[in-house]
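Please read the sequence and look over the structure shown below before going on. The report that follows takes up charged pairs, a helix, a hairpin and the nonpolar cores in turn.

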Amino acid sequence: MPARIRLANPPYKKHETLPKAKALLTKNNYSYQELILNKDFTREDLKRIIGEDKKLTVPQILVDNKLVGGYESLLEYFEDHFVLGTQQ
């Protein structure tokens, strides 16, 4: 069963890492669900997931409902799990 991947993203900002994360997932044949801040979840929801004391950055990537982090963390996750296609 493929991993369930979610991208948490605010609708009002363009992030240079979001397209990179999407491309990396697509390149490795992972489907994902993009969730939009204040539509699909609130800041408080995201804070509960990443931790109250951590800086709120986006996108935040979850795999099987476990927080991976941002794009750089996704690269590390793929490398740790021997997923191919992480070359930029």
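How many salt bridges does the count come to? In this predicted model, the count comes to 2 salt bridges. Side chains of opposite charge can pair when their charged atoms come close.

**The two salt bridges**

One of the salt bridges is formed by Glu34 with Lys22, and the closest N and O atoms of this pair are 2.8 Å apart. Because Glu34 lies in strand β2 and Lys22 lies in helix α1, the pair ties together parts that are 12 residues apart in sequence. Strand β2 covers residues 32-36, while helix α1 covers residues 17-27. Glu34 counts as partly exposed, at 26% relative accessibility, and Lys22 is also partly exposed, with a relative accessible area of 23%. The C-alpha atom of Lys22 is separated by 8.1 Å from that of Tyr32, a residue 10 places away along the chain.

Arg48 forms a salt bridge with Asp45, and here the closest N and O atoms are 2.4 Å apart. Both Arg48 and Asp45 lie in helix α2, which spans residues 43-50, and they are 3 residues apart, about one turn of the helix. An α-helix has 3.6 residues a turn, so residues three or four places apart point the same way. Arg48 is exposed, with a relative accessible area of 58%, whereas Asp45 counts as partly exposed at 26% relative accessibility.

Which residues of α1 are buried? The buried residues of this helix are Leu18, Ala21, Leu24 and Leu25. They lie on the same side of α1, because they cover an arc of only 130° around the axis.

The loop between α1 and β2 holds Asn28, and this residue counts as buried because its relative accessibility of 13% is under the cut-off of 20%. The side chain of Asn28 reaches back to the backbone oxygen of Leu24, at 2.9 Å, and Leu24 is itself one of the buried residues of α1. Just after α1, Asn29 takes a positive phi of about 60°. Most residues other than glycine have a negative phi, and most peptide bonds are trans.

**The hairpin of β3 and β4**

Strands β3 and β4 run antiparallel and are joined by 3 bridges. Together they form a hairpin with 2 residues between them. Strand β3 covers residues 60-63 and strand β4 covers residues 66-69, with Asp64 in the loop between them. Asn65 has its place in this loop as well. Although it is not a glycine, Asp64 has a positive phi of about 50°, and Asn65, which is not a glycine either, has a positive phi of about 65°.

Val63 has Lys66, in β4, as its bridge partner. The C-alpha atoms of Lys66 and Ile50 are 9.7 Å apart in space, although the two residues are 16 residues apart in sequence.

**The nonpolar cores**

Which residues make up the largest nonpolar core? This core has 8 residues, namely Ala21, Leu24, Leu25, Ile61, Tyr71, Leu74, Leu75 and Phe78. Helices α1 and α3, the latter covering residues 71-80, each supply at least two residues of this core. Helix α3 gives the most to the core, with 4 residues. Apart from this core lies another core, of 5 residues, among them Leu35, Leu37, Leu46 and Ile50.

Ala21, Leu24 and Leu25 belong to the largest core, and these residues are also among the buried residues of α1.

Conventions
Residues numbered from 1 in each chain as written. Predicted model: local features only at pLDDT ≥ 70, side-chain atom pairs only at ≥ 80, totals over all residues. Heavy atoms only, no water. Buried < 20%, exposed > 50% of the residue type's maximum accessible area, 1.4 Å probe, protein only. Arc of directions from axis to C-beta. Polar contact = N/O pair within 3.5 Å; in protein donor to acceptor, adjacent residues only side chain to side chain. Pairing = 2+ DSSP bridges. Salt bridge = Lys/Arg side-chain N within 4 Å of Asp/Glu carboxyl O. Core = buried A, V, L, I, M, F, W, Y, C linked by side-chain atoms within 4.5 Å.
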